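Colleague: I would like to learn how to read a structure that I have not seen before. Could you take me through it, one feature after another?

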Amino acid sequence: MPHPLATDKEKRQYSDILVPTCIQTLEVMIQLEGSGKWPIGEIAIEKTKSAFCLKIAERILYEKDKSLIKKQGLFGVLPVGNLQNTNCVLLEKDLLLRSQHSSMLNGLQGLHPVYGPTVRLAKRWICSHMFSGSLADEAVELLVAHLFVRPFPFSAPCSRVTGFLRFLRLVAYHDWALSPLVVDVNGDLTMKEEGQIMAQFIARRKDSRGESGANNTGPAMYIATPYDWESESWTSFSPDNLSLKRLIAYARSSAELLTRLVGGEVLEGWKSLFRTPLQCYDALILLHRDKLAYPSQILFNADIKQGSLPVTTQEASMDFFPYLSPLVIRKGFQEARNHLLVGFDPVKYFLHDLKTDMPKVFNIWHDAFGSEVIGLTWNKEAPFLKDAAQKRKRKEPDPTNFDVRNILEEVANVGTGLVKTVHLLKSPKYN
């Protein structure tokens, strides 16, 4: 649904609706066609590409219906050029991968209209169970694509529910430790090439058993494609073994519940598939709902049980609200536009600051689509936990005297104005 202020309809009345303050952005990649008119020299090609980008930017900025973008001054064009620049090389590689990925899946969507709705369900499930930072969107798209390309022993899914159930079962029951998942939408790989992918996978996994003395086991979730045999694009660093183990457990539980729902064995309702158990975390960060960028996307209210008392409580900031106030709207159409924030999400910046200020202390679990809760689990590699374990081995004073409440209070301080309360459910274990 377009934003209420996206068009120049100044006569429209907005006093009877909620006008969001934040506007989500979309990344658009423009691929130019090959032509004999392109220059031959490398520098000339890059300058021509830059000229195209400048012209595109000029046309967009002066387009009447895009004045909102111009007002915010956040429109940018990034021409890929100057191959001697490391950042540009990485950007060009990323654009090439995304181009190949999207082209491959666009063809699949044309053959199977159910593919898109199935992907949306899968992504919503991933985010609802706070795996947003663990599994990339492209990885989810490839997992769902595999269900349509190689549905054996079934036929390709004919409904989004069937596709979603098979997605959960694929995540839950595929042997990720011993077998790569090869997604070949267009049949580009030969049997010999698939054998080579398997050989590379086995070689990487052998390292985990110490046969080569290295610690290079490869991605925990190994998804190979014709453009990425070694699963380096989307799952190279995430999910790690811990996240994958947790993801498998959640997928198995959801698959069993969905099977019973489809069979009419339970009456819990379909939304229960997307409700994550909060007791599975060591600590919980509860955010002020009225300080989230998109509070309307929240599926469930936070239900923190076990009678846990908050470690710390903070007041909400008065600097940001998710909806424009009636006072601003009454000042006129243009004034209301001036108060919009493009691409702003306070939770995203809070998570970035938390990871920067307190690295290796927590594993952070969150819902990118919208949730007022962020889950924390203690990282076993945290320096203070390692020190405590060493002290226990040396029979020094009890390390459990370490006050973890100070750490959680610091978490709240990082998110001052956004964080409402922080709850400690489980103290860290000292091994």
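**Reading the fold**

Modeller: The secondary structure of the protein chain comes to 13 helices and nine strands, and please keep in mind throughout that this is a predicted model.

Colleague: How much of the protein chain counts as buried?

Modeller: Of its 431 residues, 43% count as buried, while the accessible surface of the chain comes to about 25,100 Å², with 54% of that area belonging to carbon and sulfur atoms. Turning to contacts in the chain with a separation of 6 or more, 71% of them are accounted for by residues 24 or more positions apart.

Colleague: How should I describe two packed helices?

Modeller: In general, one gives the angle between their axes and the distance between the axes. Here, helix α5 (residues 137-149) packs with helix α6 (residues 160-173) at an angle of about 110 degrees, and their axes are 9 Å apart. Angles of 65 to 115 degrees count as roughly perpendicular, and α5 and α6 are therefore roughly perpendicular to each other.

Colleague: Which residues make the contact between α5 and α6?

Modeller: From α5 come V140, L143, V144, H146 and L147, and from α6 come G163, R166, F167, L170 and V171. Sorted by class, the contact of α5 with α6 has seven nonpolar, two polar and one charged residues.

Colleague: Let us go on to the strands. In which sense do β4 and β9 pair?

Modeller: β4 and β9 pair in the antiparallel sense, over five bridges, and L284 stands opposite H423 in β9. Strand β5 (residues 310-313) also runs antiparallel to β9, to which three bridges join it, and the partner of T312 in β9 is V422.

Colleague: Is strand β9 largely enclosed or open?

Modeller: Residues under 20% relative accessible area count as buried. Five of the six residues of β9 (residues 419-424) are buried, so this strand is largely enclosed by the rest of the structure.

Colleague: Could we follow one residue in the same way? Is L287 buried or exposed?

Modeller: L287, which lies in strand β4 (residues 283-287), has a relative accessible area of 1% and is therefore buried. Leaving aside neighbours within four places in sequence, L287 is in contact with L292, V347, S371, E372, I374, L418, V419 and K420. One of these, E372, is 85 residues from L287 along the chain, yet the C-alpha atoms of L287 and E372 are separated by 5.0 Å.

Key. Residues are numbered from 1 along each chain as its sequence is written. This is a predicted model: local features need pLDDT of at least 70, side-chain atom pairs count only at pLDDT 80 or more; totals for chains, interfaces and linings use all residues. Side-chain values use heavy atoms; hydrogens and water are left out. Helices (H or I, at least four residues) and strands (E, at least two) are DSSP runs, numbered from the N terminus. Buried means under 20% relative accessible area, exposed over 50%, partly exposed in between (1.4 Å probe, protein chains only). Contact means heavy atoms within 4.5 Å. Accessible areas come from the Shrake-Rupley method with a 1.4 Å probe; for residues, only the protein chains shown count as cover. Axes are lines fitted to C-alpha atoms, for helices over the stretch in contact, and angles run from 0 to 180 degrees between N-to-C directions. Angles under 35 degrees count as roughly parallel, over 145 as roughly antiparallel, 65 to 115 as roughly perpendicular and the rest as oblique. Ala, Val, Leu, Ile, Met, Phe, Trp, Tyr, Cys and Pro count as nonpolar, Asp, Glu, Lys and Arg as charged, and the others, Gly among them, as polar. Two strands pair if DSSP finds at least two bridges between them.
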